[in-house]
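I opened the notebook with the sequence and the coordinates side by side, and I wrote down each item as I looked it up.

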Amino acid sequence: MQEVELVRSLLERLREAFASDPRRKIVGVRVRLGIGCAAPERFRAAFERLAAGTPAEAARLELEIIPMTFRCTLCHHTFRSDEALGECPCCGALGGEVLGGEEFALVDVRLKSAEDAAVNSLNASRS
Ligand SMILES: [Zn+2]
């Protein structure tokens with residue numbers, strides 16, 4: 001299953017980047033995901049399942065979902081589609097040359113340090 005492999009590699013990168021400093025907790029992860037690369041809902045489900053016990057277990061996953069862009073091989077029309085194999089709106093051919101929609105990139109990681117958490121709980125107990 002493609003989604004599980006992608007999530008595993010993402011979590012491994014996060015672990016390598018942040019495990020050396022356990023005071024820092026990952027609170028948000030933003031990923032650009034082309035629908036030709038993985039199904040967003042399955043990617044999210046895999047992330048929620050596999051992030052447990054990693055530095056990203058409390059992270060909120062934000063997905064920038066990129067639709068497919070094709071150039072029709074028959075009529076050369078360029079079109080976007082939410083399907084992994086889109087249908088040309090001009091001639092009805094399926095798919096074509098893929099111009100976009102296979103992206104997979106870690107865009108942004110938001111961190112919360114233990115110091116921040118301590119300050120927040122001090123403020124909370126004071127009020
Ligand atoms: Zn066409």
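Entry 1: His76 counts as exposed because its relative accessibility is 56%; the scale I used calls a residue buried under 20% relative accessible area, exposed over 50% and partly exposed in between, with a 1.4 Å probe and protein chains only.

**Entry 2: ground rules.** I recorded that this is a predicted model, in which local features need pLDDT of at least 70 and side-chain atom pairs count only at pLDDT 80 or more, while totals for chains, interfaces and linings use all residues. Residues are numbered from 1 along each chain as its sequence is written, and side-chain values use heavy atoms, with hydrogens and water left out.

**Entry 3: the chain as a whole.** I counted three helices and six strands, and reading along the sequence gave me the pattern α-β-α-β-β-β-β-β-α. Of the 127 residues of the chain, 35% count as buried. I also looked up the contacts (heavy atoms within 4.5 Å): among those with a separation of 6 or more, 68% are between residues 24 or more positions apart.

**Entry 4: helix 1 against helix 2.** Two packed helices are described by the angle between their axes and the distance between the axes. For helix 1 (residues 2–18) and helix 2 (residues 40–50), I found axes that come within 9 Å and cross at roughly 50°; the axes are lines fitted to C-alpha atoms, for helices over the stretch in contact, and angles run from 0 to 180 degrees between N-to-C directions. That angle makes helix 1 oblique to helix 2, since angles under 35 degrees count as roughly parallel, over 145 as roughly antiparallel, 65 to 115 as roughly perpendicular and the rest as oblique.

I then listed the residues that meet: Glu3, Val4, Leu6, Val7, Arg8, Leu10 and Leu11 from helix 1, and Arg42, Phe43, Ala46, Phe47, Arg49 and Leu50 from helix 2. They divide into nine nonpolar, no polar and four charged, with Ala, Val, Leu, Ile, Met, Phe, Trp, Tyr, Cys and Pro taken as nonpolar, Asp, Glu, Lys and Arg as charged, and the others, Gly among them, as polar.

**Entry 5: single residues at that contact.** Is Glu3 buried or exposed? Glu3, which lies in helix 1, is buried, with a relative accessible area of 5%. Leaving aside neighbours within four places in sequence, I found Glu3 in contact with Ala38, Ala39, Arg42, Phe43 and Ala46.

Val4, also in helix 1, counts as buried at 11% relative accessibility.

On the side of helix 2 I checked Ala46, which counts as buried at 1% relative accessibility. Outside the four places on either side in sequence, Ala46 is in contact with Glu3, Val4 and Val7. Glu41 is likewise placed in helix 2, but counts as exposed at 59% relative accessibility.

Entry 6: In soluble globular proteins, nonpolar side chains tend to be buried together.

Entry 7: Finally I turned to Arg71 in strand 3, which counts as partly exposed at 32% relative accessibility. Beyond its neighbours within four places in sequence, Arg71 is in contact with His76, His77, Thr78, Gly96, Glu97 and Leu99.

Conventions:
Helix = DSSP H or I, 4+ residues; strand = E, 2+ residues; numbered from the N terminus.
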